[in-house]
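Hi there,

Here is the structure I promised to pass on to you. Have a look at it first, and then read on for what turned up.

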Amino acid sequence: MISLNHRARTLALCLAALAGYVDAIGFIQVGGFFVSFMSGNSTRLAVGLMHHAADWMKAGGLIAAFFLGVIGGSLAGRIAKRRHRAVLGLVAVVLALGAACAELGWAMPSALLLAFAMGAENATFERDGEVRVALTYMTGTFVKAGQRIAGALLGEDTKAWIPHMALWLALVSGAVLGAAMQTYFGVLALWCGVVVAACCCLAAGPLDTQAAESTASHA
């Protein structure tokens, strides 16, 4: 987060909020499973192997869908000339398919599509095959915030922790909003997420332009 410019940071915060929003909806939709938090699903899979076959199958399916989304998002970003728009366009389309499935009452197929979309979203800020900003999982970000606070207490940069904490707060805020929207508006909540993803895709255009200009200047 610290290395990103203002526009990229704002986009990252919006995408983290979107991840929390979609995860909360998916969690409610399939009864306690996640569409963006694979550590939680990994635990559900492990416990399910010992107690409930249906649980480990759901968790395993969501993990597989997320993993395929990571691959799909990474491929889209590497092949397309406009990385950010390609990745976020994929996210918006797959979220729309997930919302359509939810409209038809297909909860699990919808959740699998949401997991795929969240996996793909992580490729937004990928560089050289590595994720620069984690958008759908916050353990590492939360640890970095704590480490930067410790550094601040020792006289280092007093503001270095803020971007990391802001990212975590964005995800939590998005999750609160997603839970509220799902509770009061049902399937409509997912379509709101689709709109946000589409807006993020459009807003990412200048980032692609900046990246292209940077590449040209180093050529």
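Let me start with the contacts in the protein chain: of those between residues at least 6 apart in sequence, 69% join residues at least 24 apart. Please keep in mind that this is a predicted model.

On the overall fold, the protein chain has 9 helices and 2 strands. Reading from the N terminus, the order of elements is α-α-α-α-α-β-β-α-α-α-α. The C-alpha atoms fill a box of roughly 50 × 40 × 30 Å along the principal axes. A compact globule of 219 residues would have a radius of gyration near 17 Å, and the chain's value of 18 Å agrees with that. As for burial, 43% of the 219 residues count as buried.

Next, helix 4, which covers residues 83–103. After helix 4 comes Gly105, with a positive phi near 85 degrees. Arg83 is part of helix 4 too. Is Arg83 buried or exposed? Its relative accessibility is 15%, so Arg83 counts as buried, the cut-off for that being under 20%. A polar atom of the Arg83 side chain lies 2.7 Å from the backbone oxygen of Ala123.

Now to the aromatic rings, where the structure holds 3 pairs. One of them joins Phe27 and Phe34, with 5.2 Å from centre to centre and 45 degrees between the planes, a tilted arrangement. Phe27 counts as partly exposed because its relative accessibility is 35%. Phe27 and Phe34 also belong to one aromatic cluster together with Phe37.

Another pair is made by Phe142 and Trp168: the ring centres are 4.9 Å apart and the planes meet at 35 degrees, so this pair is tilted. Phe142 sits in helix 6 (residues 139–153) and Trp168 in helix 7 (residues 162–185), so the pair ties together parts that are 26 residues apart in sequence. Both partners are partly exposed: Phe142 has a relative accessibility of 43%, and Trp168 has a relative accessible area of 27%.

Best wishes

Terms used:
Residues numbered from 1 in each chain as written. Predicted model: local features only at pLDDT ≥ 70, side-chain atom pairs only at ≥ 80, totals over all residues. Heavy atoms only, no water. Helix = DSSP H or I, 4+ residues; strand = E, 2+ residues; numbered from the N terminus. Expected span 1.5 Å × (residues − 1). Buried < 20%, exposed > 50% of the residue type's maximum accessible area, 1.4 Å probe, protein only. Polar contact = N/O pair within 3.5 Å; in protein donor to acceptor, adjacent residues only side chain to side chain. Phe/Tyr/Trp six-rings, centres within 6.5 Å; stacked < 30°, edge-to-face > 60°. Rg over C-alpha atoms; globule rule 2.2 N^0.38 Å. Contact = heavy atoms within 4.5 Å.
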